[in-house]
Amino acid sequence: MGWLQRLFGMEKPENAQVNPEPTLVAENSVEGETVPIERMGLNGEYDQSGLAKRVALAFDEDSRFDDINTIYVAQLGTKVVLRGQVPDADTLSQLAEVAAGVSGATEVATDEVAVG
């Protein structure tokens, strides 16, 4: 089971992207407002949990994390929060690095992850 399925109960949507282009908040937006980067979903649409879902997609796309099912991803604004347990510090470092590479992530909190 993939990260998106396990964490959000959804299959990967067609054309889903870790870093999609932002879309307009409304088609008739005079100011050209776009969706805030941390609220951008898998296809550029508004999604309250967009950043967390895009991090889960990034984990799905990285085969190093295929066997990890003890980490959960949340977001607090632009901060990605990882919770759970990993087998070693190297894995935690790799997860944090991938999460930090997702557009809109300004910080990755790992203090709620147990190592070992």
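Thr91 touches Phe65, Ile68 and Val86, leaving out residues up to four places away in sequence; contact means heavy atoms within 4.5 Å. Thr91 sits in helix α3. At 11% relative accessibility, Thr91 counts as buried; buried means under 20% relative accessible area, exposed over 50% and partly exposed in between, with a 1.4 Å probe and protein chains only.

This is a predicted model, in which local features need pLDDT of at least 70, side-chain atom pairs count only at pLDDT 80 or more, and totals for chains, interfaces and linings use all residues. Residues are numbered from 1 along each chain as its sequence is written, and side-chain values use heavy atoms, with hydrogens and water left out.

**Overall layout**

- The chain has three helices and three strands. Helices (H or I, at least four residues) and strands (E, at least two) are DSSP runs, numbered from the N terminus.
- Along the sequence, the pattern reads α-α-β-β-α-β.
- The radius of gyration is 14 Å, close to the 13 Å that the globule rule gives for 116 residues, so the chain is as compact as a globular protein of that length. This radius is taken over C-alpha atoms, and the globule rule is 2.2 Å times the number of residues to the power 0.38.
- Along the principal axes, the C-alpha atoms fill a box of roughly 55 × 25 × 20 Å.
- Of the 116 residues, 41% count as buried.
- Take the contacts between residues at least 6 apart in sequence: 58% of them join residues at least 24 apart.

**Strands and their pairing**

- β1 and β2 run antiparallel and are joined by six bridges. Two strands pair if DSSP finds at least two bridges between them.
- These two strands form a hairpin with two residues between them. Gly77 in the turn has a positive phi of about 65°.
- Leu76 stands opposite Lys79 in β2. Lys79 also stands opposite Glu107 in β3.
- β2 pairs with strand β3 (residues 107–115) in the parallel sense, over seven bridges.
- β2, α3 and β3 make a right-handed β-α-β unit. Right-handed means that, with the strands pointing away from the viewer, the path from the first strand over the helix to the second runs clockwise.
- Side chains alternate along β1.

**Core and helix α2**

- The largest nonpolar core has 27 residues, and Trp3, Phe59 and Leu95 have the most contacts inside it. Such a core is a set of buried Ala, Val, Leu, Ile, Met, Phe, Trp, Tyr and Cys residues joined through side-chain atoms within 4.5 Å.
- The elements giving two or more residues to this core are α1 (3–8), α2 (50–60), β1, β2 (79–86) and α3 (89–100). α2 gives the most, with seven residues.
- In soluble globular proteins, nonpolar side chains tend to be buried together.
- Phe59 touches Trp3, Phe65, Val73, Leu82, Leu95, Val98 and Ala99, not counting residues up to four places away in sequence.
- In α2, 10 of the 11 residues are buried, so this helix is largely enclosed by the rest of the structure. Lys53 and Arg54 are among the buried ones.
- The buried residues of α2 pack against α1, β1, β2 and α3.

- Gln75 lies in strand β1 (residues 71–76). At 14% relative accessibility, Gln75 counts as buried.
- Its side chain reaches the backbone nitrogen of Leu51 at 3.0 Å and that of Ala52 at 2.9 Å.
- Beyond its neighbours within four places in sequence, Gln75 is in contact with Glu38, Arg39, Gln48, Ser49, Gly50, Leu51 and Ala52.

**Loop residues**

- Asn15 lies in the loop between α1 and α2. Asn15 is exposed, with a relative accessible area of 59%.
- Asn15 has a positive phi of about 65° although it is not a glycine. Most residues other than glycine have a negative phi.
- Pro87 lies in the loop between β2 and α3. At 54% relative accessibility, Pro87 counts as exposed.
- Beyond its neighbours within four places in sequence, Pro87 is in contact with Val115 and Gly116.
- Pro87 and Ala56 are 31 residues apart in sequence and 19 Å apart in space, C-alpha to C-alpha.

How values were computed:
Polar contact = N/O pair within 3.5 Å; in protein donor to acceptor, adjacent residues only side chain to side chain.
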